[in-house]
Amino acid sequence: MADTAAWHRTPARDPHFQELGQKQISFNEISGVPLRNAFALALYDMMRTDHEKRILYLGQDVAEAGGVMRMTALHEDVMAQDPLIREALPDWEQHVKHQHLPLKKLFPDRIFNTPLDERGAIGVGIGLSLNSDCRMRPIVEMQFGEFVKIGLDQVEEWSRLRHIHAANIPTPGVIILHTGGGDRIAWHKENQAPVFFNNPALTIVWPSDPQDIYDMFFASVASDKLVLFFLHIDLYRTKIRRLFRVPPTKPIEEFGIRVARKGTDVTVTAYGRMVQECLAAAEKLEEEENISVEVLDLRVIAPLRRETIISSVTKTGRLVTVDEGPPCGNIGAEIAAICAEETETQEALLAPVCRLGSPPTLWPPSQYWHFYIPQQDDIKKAIRRTINFDRSDQESP
């Protein structure tokens, strides 16, 4: 059993991407375009360097339309900055629709629409992944993350294949999950990451930074294991200041947790859009109350990098976990458990762990969404409460 547990933790990476990581794909530095183009550029750069045409992208409306979320389309500002695109498609301006160029125009035989059948789309991904002769690397997009529940059995089966074959065959694949709270109906925004968190055969990632989105999507496609790639819809329109298009040299598991902001008084963990909320709250607290907050961007949710959490909490002595969803059974609950069972953090904690999340109920009507998920003021209150906790007040006289 120890060997099988090691299979799940040990990175498995396709040699093509290992070699690609030793050289630069493009010397272009992209700036001033929407954040979603970090994803689209990674897809474009991977397909452009995949001369064997093994990478395929499947999803609803992802072909000629460029996808509902425009993840398979490039903004015209990107095309203006990248001479390689103009060279590949000299008449690109004629193909631009709604200010985007669907990548289907550049890779007509590698981006496909699927029917409204999530179970079937994931099943096709399994078949492509197991095609050892062609060694295909399928990417399957769920139009909204909540829809993955329809194909839950297929996800579970895909994740087990490598285990069943004693890690002797690669089972590559990436499932893209668009999710996150906002002014949308409930089925378009519920956080599904905790649903899969207890499956040790899955790699679960949720980047919040543009460069991380580029690098981690690249690394996810390079993995020989199934990766669930979560993206928060509310981040897509954020402008990219600067994006370096260089293939990552490490496997997806080794990205671990990013220290998004260093601090000394309290550790705050978050992922997705909540990272940005926590960073904004931390800036305000330091400016107004001289509270130093360390923000950990979890980004690789599974396998979770325990060492980073333990090191940070041991340093600060306090912990606030922030989830976009009810705290019970969520990612923050696991982090709290880690700190409860490790001697270092037990001895270092100066206050009880604070788990901040949404109320223990389902999503309200869309116009009330901002009353449901944690906001900056909620995060600031949780941090103040943890900072001001006095253990002596809790002791009996």
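Predicted model: local features only at pLDDT ≥ 70, side-chain atom pairs only at ≥ 80, totals over all residues.

Let's start at glutamate 118, which belongs to helix 7 (residues 118-129). Leaving aside residues up to four places away in sequence, glutamate 118 touches Gln60, Met142, Phe147 and Ile150. With one of these, glutamine 60, there is a polar contact from side chain to side chain, at 2.8 Å. What about a salt bridge for glutamate 118? There is none, although the residue is buried. The nearest side chain of opposite charge belongs to arginine 119, 7.6 Å away, and a salt bridge needs the side-chain nitrogen within 4 Å of a carboxyl oxygen.

From that charged residue, let's turn to the rings. The model has 10 aromatic pairs. Among them is the pair of phenylalanine 39 and phenylalanine 217, which is stacked, with 4.1 Å from centre to centre and 20° between the planes. Phenylalanine 39 sits in helix 3 (residues 36-49) and phenylalanine 217 in helix 10 (residues 210-222), so this pair ties together parts 178 residues apart in sequence. Phenylalanine 39 is buried, at 0% relative accessible area, and phenylalanine 217 is buried at 0% as well. Both rings belong to one aromatic cluster made up of Phe39, Tyr57, Phe217 and Phe229.

Conventions:
Residues numbered from 1 in each chain as written. Heavy atoms only, no water. Helix = DSSP H or I, 4+ residues; strand = E, 2+ residues; numbered from the N terminus. Buried < 20%, exposed > 50% of the residue type's maximum accessible area, 1.4 Å probe, protein only. Lys, Arg positive; Asp, Glu negative; His and termini not counted. Polar contact = N/O pair within 3.5 Å; in protein donor to acceptor, adjacent residues only side chain to side chain. Contact = heavy atoms within 4.5 Å. Phe/Tyr/Trp six-rings, centres within 6.5 Å; stacked < 30°, edge-to-face > 60°.
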